[in-house]
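Biologist: I am new to this one. Could you walk me through it, question by question?

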Amino acid sequence: MSEADYDWYGPDAATFGDRVAGAREVAGMSQAQLARQLGIKKSTLLGWEQDLSEPRANKLSMMAGVLNVSIKWLITGEGEGMSQPIDEMVVVGDFSEILNELREIRTEMRNGADRTARLEKKIRLLLERGEQV
């Protein structure tokens with residue numbers, strides 16, 4: 001696969017957050033500037049770019065308009081958007097192994113966060129029951 005054929009932001013290569021960050025950079029906007037345009041906190045945008053949370057439909061639509069990409073591209077990597085980062089003119093190697101490992105780490109982190117939340121809930125319930133005894 002040649003560099004020109006590589007889909008940097010496609011569903012197998014990038015996440016929603018990667019596409020938001022990439023489109024923001026191509027638009028020449030800082031996180032603070034985009035957050036201000038969308039009427040959100042910078043920390044909210046950071047959460048989206050780090051795939052820790054996702055925007056509601058109205059903010060997603062607004063963001064697509066501000067960044068001049070389609071909603072479909074932001075969500076899936078397909079449709080009207082970008083094909084490669086603006087500064088990515090290096091020869092593409094086989095990064096699939098690294099990307100797979102990163103996805104595994106992200107999944108493990110999400111699972112750990114879910115597990116932590118369940119344990120916190122159990123502790124709260126046990127404490128509430130203990131107070132009632």
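This is a predicted model: local features need pLDDT of at least 70, side-chain atom pairs count only at pLDDT 80 or more; totals for chains, interfaces and linings use all residues.

Biologist: Which residue forms a salt bridge with Asp51?

Modeller: The closest N and O atoms of the pair are 3.8 Å apart. That falls within the 4 Å cut-off for a salt bridge. The partner of Asp51 is Arg106.

Biologist: How many residues apart are Asp51 and Arg106?

Modeller: Asp51 sits in the loop between α3 and α4. Arg106 belongs to helix α6, residues 96-132. The pair links distant parts of the chain, and the separation is 55 residues.

Biologist: Is Arg106 buried or partly exposed?

Modeller: Buried would need a relative accessible area under 20%. Arg106 has 26%. Arg106 is therefore partly exposed.

Biologist: How many salt bridges does the count come to?

Modeller: Side chains of opposite charge can pair when their charged atoms come close. Besides Asp51 with Arg106, Glu49 and Arg24 meet through their side chains, at 2.6 Å from N to O. The count comes to two.

Biologist: Which helices does the pair of Glu49 and Arg24 tie together?

Modeller: Both residues are buried: Glu49 has 11% relative accessibility, and Arg24 has 8%. They lie 25 residues apart in sequence. Glu49 is in residues 42-49 and Arg24 in residues 16-26, so the tied helices are α3 and α1.

Biologist: How many helices are there in the chain?

Modeller: The chain has zero strands. From the N terminus, its elements run α-α-α-α-α-α. The number of helices is six.

Biologist: Which residues of α2 are buried, and how wide is the arc they fall within?

Modeller: The buried residues of α2 are Gln31, Leu34, Ala35 and Leu38. They line one face of the helix, because seen down the axis of α2 they fall within an arc of 100°.

Biologist: What covers the buried residues of α2?

Modeller: Take Leu34 as an example. Beyond its neighbours within four places in sequence, Leu34 is in contact with residues including Arg24, Leu45 and Met63. For the buried residues of α2 together, the cover includes α1, α3 and α4.

Biologist: Which residue follows α2, and what is its phi?

Modeller: The residue after α2 is Gly39. Its phi is positive, near 75°.

Biologist: What is the area of the nonpolar surface patch that contains Ile98?

Modeller: Ile98 has its place in helix α6. At 47% relative accessible area, Ile98 is partly exposed. Phe95, Leu102, Ile105 and Met109 make the patch along with Ile98, and its area is about 490 Å².

Biologist: Last one: what share of the chain's accessible surface belongs to carbon and sulfur atoms?

Modeller: Of the 133 residues in the chain, 30% are buried. The accessible surface comes to about 9,300 Å². The share belonging to carbon and sulfur atoms is 53%.

Key
Residues are numbered from 1 along each chain as its sequence is written. Side-chain values use heavy atoms; hydrogens and water are left out. Helices (H or I, at least four residues) and strands (E, at least two) are DSSP runs, numbered from the N terminus. Buried means under 20% relative accessible area, exposed over 50%, partly exposed in between (1.4 Å probe, protein chains only). Contact means heavy atoms within 4.5 Å. Patches are made of residues with over 30% relative accessible area and no salt bridge: like charges are joined within 9 Å, nonpolar side chains (Val, Leu, Ile, Met, Phe, Trp, Tyr) within 5 Å. Accessible areas come from the Shrake-Rupley method with a 1.4 Å probe; for residues, only the protein chains shown count as cover. The arc is that of the directions from the helix axis to the C-beta atoms.
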